[in-house]
Structures are given as structure tokens and as C-alpha cells.
Amino acid sequence: MTLSLSEAESLTFKCYYHPDRFAPRRCGLCGRLICVSCTVLHTSGPVCALCYMRKVLLEEARLRIRLSAIEAGAC
């Protein structure tokens, strides 16, 4: 017995953020199943929007700390 694609989708691969949507990918950072609208293509591969924002915010914060340290040393 084989299932049609819509039947198979309804059984598995539910998006973590949108349980009513098919999730063809896993986030490369947290491993959660994510749908197309939740997927952000990052240089490290597909990630969920939440992990992307966390990663971007963390990188920005680190950059600000480095810049403030440089500015403090220059004065």
C-alpha cells in the first residue's frame, strides 16, 4: 500500500511553528522541522527564523562590543 503525497504529508513532517503546514526541512541549528515560510537560507544552510535572528543578534552584539573596545582604546 502506498500513500499519496498529501496523505504522507498529513502523517509526518509538521512545521514546528505552523503545525498545519508541511515541513520539508530541518533547521541546521536547533533541528526543528520547518516549513518553507519559516526557512531562512543562511551560509551554513537552512535555519529557522528564530535561530537566524538569534544568530544575527548575537553576531551584532559581539561586533558592537569589539567596536566599543576599539573606540575606548583610541580615546
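The paragraphs below go through the chain as a whole, then a strand hairpin, and then a helix with its salt bridge and nonpolar patch.

This is a predicted model, in which local features need pLDDT of at least 70 and side-chain atom pairs count only at pLDDT 80 or more, while totals for chains, interfaces and linings use all residues. Residues are numbered from 1 along each chain as its sequence is written, and side-chain values use heavy atoms, with hydrogens and water left out.

The chain has two helices and four strands, where helices (H or I, at least four residues) and strands (E, at least two) are DSSP runs numbered from the N terminus. Read from the N terminus on, the elements follow the order α-β-β-β-β-α. The accessible surface of the chain comes to about 5700 Å², and 62% of that belongs to carbon and sulfur atoms; such areas come from the Shrake-Rupley method with a 1.4 Å probe, and for residues only the protein chains shown count as cover. Of the 75 residues in the chain, 16% are buried, a class that means under 20% relative accessible area, with exposed set at over 50% and partly exposed in between (1.4 Å probe, protein chains only). Among contacts in the chain with a separation of 6 or more, residues 24 or more positions apart account for 6%, a contact being heavy atoms within 4.5 Å.

Strand E3 (residues 39–42) and strand E4 (residues 45–48) run antiparallel and are joined by four bridges; two strands pair if DSSP finds at least two bridges between them. The two strands form a hairpin, with two residues between them. Thr-39 lies in strand E3, and Thr-39 counts as buried because its relative accessibility is 15%. The side chain of Thr-39 reaches the backbone oxygen of Cys-35 at 2.7 Å. Not counting residues up to four places away in sequence, Thr-39 touches Arg-25, Ile-34, Pro-46 and Val-47.

Val-40 also lies in strand E3, where Val-40 stands opposite Val-47 in E4. With a relative accessible area of 22%, Val-40 is partly exposed. Once neighbours within four places in sequence are left aside, the residues in contact with Val-40 are Gly-45, Pro-46, Val-47, Ala-49 and Tyr-52. Leu-50 is ten residues from Val-40 in sequence, and the two are 9.4 Å apart in space, C-alpha to C-alpha.

A search of the whole structure finds one salt bridge, the term being used for a side-chain nitrogen of Lys or Arg within 4 Å of a carboxyl oxygen of Asp or Glu. In this salt bridge the side chains of Glu-60 and Arg-64 meet (4.0 Å, N to O). Both Glu-60 and Arg-64 lie in helix H2, four residues apart, which is about one turn of the helix. Glu-60 counts as partly exposed, since its relative accessibility is 36%, whereas Arg-64 is exposed, with a relative accessible area of 57%.

Helix H2 (residues 49–74) is also the place of Leu-67, which is partly exposed with a relative accessible area of 43%. Leu-67 forms a nonpolar patch on the surface together with Leu-63 and Ile-70, and the three have about 280 Å² of accessible area together. Patches are made of residues with over 30% relative accessible area and no salt bridge, like charges being joined within 9 Å and nonpolar side chains (Val, Leu, Ile, Met, Phe, Trp, Tyr) within 5 Å.

Technical notes. A polar contact is a pair of N or O atoms within 3.5 Å; within protein, one must be able to donate a hydrogen and the other to accept it, and residues adjacent in sequence count only if both atoms are side-chain atoms.
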